[in-house]
Amino acid sequence: MAPTPSSMLALGTSAPDFSLPDTLSGRRLGLADIRAEYATLVMFICNHCPYVKHVNAELVRLGGDYQGRGVGLVAISSNDAQAYPEDAPGPMAEAGRALGYPFPYLYDESQGVARAYQAACTPDFFLFDAGLRLAYRGRLDDSTPGNGRPVTGAELRAALDDLLAGREVGERQQPSLGCSIKFRKGQG
């Protein structure tokens, strides 16, 4: 199956609100709970995707490097857990704990949040500025499974650093590539 690219939601789009269960804490969290002073990063990921597995260690590093610096981070899985049981809340919690996710890992059972963000693949990254306007969307960096390039997070890190320094993020942004979000049959 060919990798699916990001839909590249229009820059400046306001962050859609959400309220979803966090598989790690058991609490229900919304955008207001995640939002931070300078930037808010919403990541669509899942457990089974080889593209996400390829970048998981960098996602943990990102959380460690940017949380506490005015950046809020959250991961959301919107896959159909009936068709992909590895992406159900129980396995999500196990994976998030085993990997040491320093951010909440929310389950979007209705798939409505993925639709609101126009998320198309895993991983798919949406970085919002202090006013919750989309400043960056697309890929972590140019590494994909099998291409031999190291996972650095360079492109997303540059966008985060721009926001932290009060600079605008450049508009030359590349779509992420990954597994398609597994919408329920008849709903994708």
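N56 lies in helix 2, which spans residues 50-66, helices here being DSSP runs of H or I with at least four residues and strands being runs of E with at least two, each numbered from the N terminus. The model is a predicted one, in which local features need pLDDT of at least 70 and side-chain atom pairs count only at pLDDT 80 or more, while totals for chains, interfaces and linings use all residues. Residues are numbered from 1 along each chain as its sequence is written, and side-chain values use heavy atoms, with hydrogens and water left out.

N56 counts as buried because its relative accessibility is 8%; buried means under 20% relative accessible area, exposed means over 50%, and partly exposed lies in between, with a 1.4 Å probe and protein chains only. When residues up to four places away in sequence are not counted, N56 touches L99 and Y101, a contact being heavy atoms within 4.5 Å.

Three strands form an open sheet in the order 1-10-7, with antiparallel pairing, where two strands pair if DSSP finds at least two bridges between them. Its edge strands are strand 1 (4-5) and strand 7 (121-122), each of which pairs on one side only. Strand 7 is joined by two bridges to strand 10 (residues 177-180), and these two run antiparallel; T122 stands opposite C179 in strand 10. Helix 2 packs on this sheet, touching strand 7 and strand 10, and its direction makes about 130° with that of strand 10; axes are lines fitted to C-alpha atoms, for helices over the stretch in contact, and angles run from 0 to 180 degrees between N-to-C directions.

Another open sheet is formed by five strands in the order 6-5-4-8-9, and its pairing is mixed. Strand 6 (105-107) and strand 9 (134-138) stand at the edges with a single partner strand each, so one side of each is left without a neighbour in the sheet. Neighbouring strands of this sheet are turned by 20° against each other on average, direction ignored. Four bridges join strand 8 (residues 124-128) to strand 9, the two running antiparallel, and F125 stands opposite G138 in strand 9.

Helix 5 (residues 154-164) packs on this sheet, touching strand 4 (39-44), strand 5 (71-77), strand 8 and strand 9, with its direction at about 10° to that of strand 8. The buried residues of helix 5 are L156, R157, A159, L160, D162 and L163, and these pack against helix 2 as well as strand 4, strand 5, strand 8 and strand 9. Helix 5 is followed by G166, whose phi is positive, near 80°.
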